[in-house]
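Student: I would like to learn how to read a few features of a protein model. Please take them one at a time.

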Amino acid sequence: MASTTATFLSTLARATASLSSSTMPSGGAKVVRFLPAQTSRGRRAVLSAPRAAVSGTEKAQPAPASDKDSKEERVVKVHSIEEFDGALKAAKNRLVVVEFAASDSESSSQIYPTMVQLSRTCGDVNFLLVMGDESEATKELCRREGITQVPHFNFYKGAEKVHEEEAIGPERLAGDVLYYGDSHSAVVQLHSREDVEALIDEHRGEKGKLVVLDVGLKHCGPCVKVYPTVVKLSRSMAETTVFARMNGDENDSCIQFLRDMDVVEVPTFVFIRDGKIVGRYVGSGKGELVGEILRYNGVRVTY
């Protein structure tokens, strides 16, 4: 037991160190309620889409300094509805992030360098820029997409809008891109009950790992904020724990799974050991989440 404790204490130290740079705010855990807190079997899922909170504390980055930087960027400027629709169609199921901006908007100029940087580092995400005041064609595109303020960000997959934000800072934008575009981290992406059951079966027995299932919604601010923490933990705790994620409003199978699991708030983290649910944590607090994971891995944790 002493060696096990030492192993997990070192894991905790690594995890805590890696989380010091997380984008999670320090204001405490937050959750979004999306099912009525009833015990009746007739409970109905109400999958709302709460708007993300606007952060006024994030510092904007300076504007690009040279033409060389512009040439290296992967942000594609579109000039019409036809070009816009064509870009979404060509992207297929890749995440497409669109910034709607204006030439006289200082906020648009300040956030754009973050778009450029993300376009360089996120090779599996497409980035588009629409200058709403460029022409009548771009104005018409903004009207069709319901854009009334800039900068405004829309996120698309399969040509369908999955999320939108406005008046956000660099950290929130980067977090959104990770949450909606993650396809290469150690976090297992689950899309149905069958996916969950297969993962659980894979980790049955003495050699099986603790499974941490992160259940959220597409339009959930706290879910987006805590996800970078989940990604970092999936790397630092890979030897003992497997992390997985499911968006409860992705499809009918996911919705039914959440009902069956009695998930009433998101984000909810379900802890599964040897095929059995051993506990759950509701919230987005980094320290509490790490503590719960260690506890269900056999480490005594005091709060």
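Tutor: Start with a charge over a ring: this is counted if NZ of Lys or CZ of Arg is within 6 Å of the ring centre and within 35 degrees of the ring normal. R295 lies over the face of Y296 in this way, at 4.6 Å from the ring centre. Likewise, R245 sits over the face of Y179, and the distance to the ring centre is 4.7 Å. This is a predicted model, in which local features need pLDDT of at least 70 and side-chain atom pairs count only at pLDDT 80 or more, while totals for chains, interfaces and linings use all residues. Residues are numbered from 1 along each chain as its sequence is written, and side-chain values use heavy atoms, with hydrogens and water left out.

Student: How many helices and strands are there in the protein chain?

Tutor: The protein chain has 10 helices and 12 strands. Helices (H or I, at least four residues) and strands (E, at least two) are DSSP runs, numbered from the N terminus. Of the 303 residues, 48% are buried, where buried means under 20% relative accessible area, exposed over 50%, and partly exposed in between (1.4 Å probe, protein chains only).

Student: How do I read a pair of aromatic rings?

Tutor: Such a pair is described by the distance of the centres and the angle of the planes. Rings of Phe, Tyr and Trp (its six-membered ring) pair if their centres lie within 6.5 Å; planes under 30 degrees apart count as stacked, over 60 as edge-to-face and the rest as tilted. This structure holds 7 aromatic pairs. In one of them, F84 and Y156 are edge-to-face, with 5.7 Å centre to centre and 80 degrees between the planes. F84 belongs to helix α3 (residues 81-91) and Y156 to strand β5 (residues 152-157), so the pair ties together parts that are 72 residues apart in sequence. Both F84 and Y156 are buried.

Student: Why is the pair of F271 and Y296 called stacked?

Tutor: The ring centres of F271 and Y296 are 4.9 Å apart and the planes are at 25 degrees, so the pair is stacked. This pair links distant parts of the chain, with F271 in strand β11 (residues 268-273) and Y296 in helix α10 (residues 286-296), 25 residues apart. F271 and Y296 are both buried. Rings can also group: F155, Y179, Y180 and Y227 form one aromatic cluster.

Student: How do I read two packed helices?

Tutor: Two packed helices are described by the angle between their axes and the distance between the axes. Axes are lines fitted to C-alpha atoms, for helices over the stretch in contact, and angles run from 0 to 180 degrees between N-to-C directions. The axes of helix α6 (residues 170-181) and helix α8 (residues 221-236) come within 9 Å and cross at roughly 75 degrees. Helices α6 and α8 are therefore roughly perpendicular; angles under 35 degrees count as roughly parallel, over 145 as roughly antiparallel, 65 to 115 as roughly perpendicular and the rest as oblique.

Student: Which residues make the contact of α6 with α8?

Tutor: Contact means heavy atoms within 4.5 Å. Among the residues involved are Y179 and Y180 of α6 and Y227 of α8. The contact residues divide into 8 nonpolar, 2 polar and 3 charged. Here Ala, Val, Leu, Ile, Met, Phe, Trp, Tyr, Cys and Pro count as nonpolar, Asp, Glu, Lys and Arg as charged, and the others, Gly among them, as polar.

Student: At what angle do α7 and α9 cross?

Tutor: The axes of helix α7 (residues 193-202) and α9 cross at roughly 60 degrees and come within 8 Å. Helices α7 and α9 are therefore oblique to each other. In this contact, R193, E194 and V196 of α7 meet S253, Q256, F257 and D260 of α9.

Student: What about the backbone?

Tutor: Most residues other than glycine have a negative phi, and most peptide bonds are trans. The bond from V150 to P151 is cis, with omega near 0 degrees, and P151 lies in the loop between α5 (136-144) and β5. The bond from V266 to P267 is also cis. D262 has a positive phi, near 55 degrees, and sits in the loop between α9 (252-260) and β10.

Student: Is D262 buried, partly exposed or exposed?

Tutor: D262 has 46% relative accessibility, so D262 counts as partly exposed.
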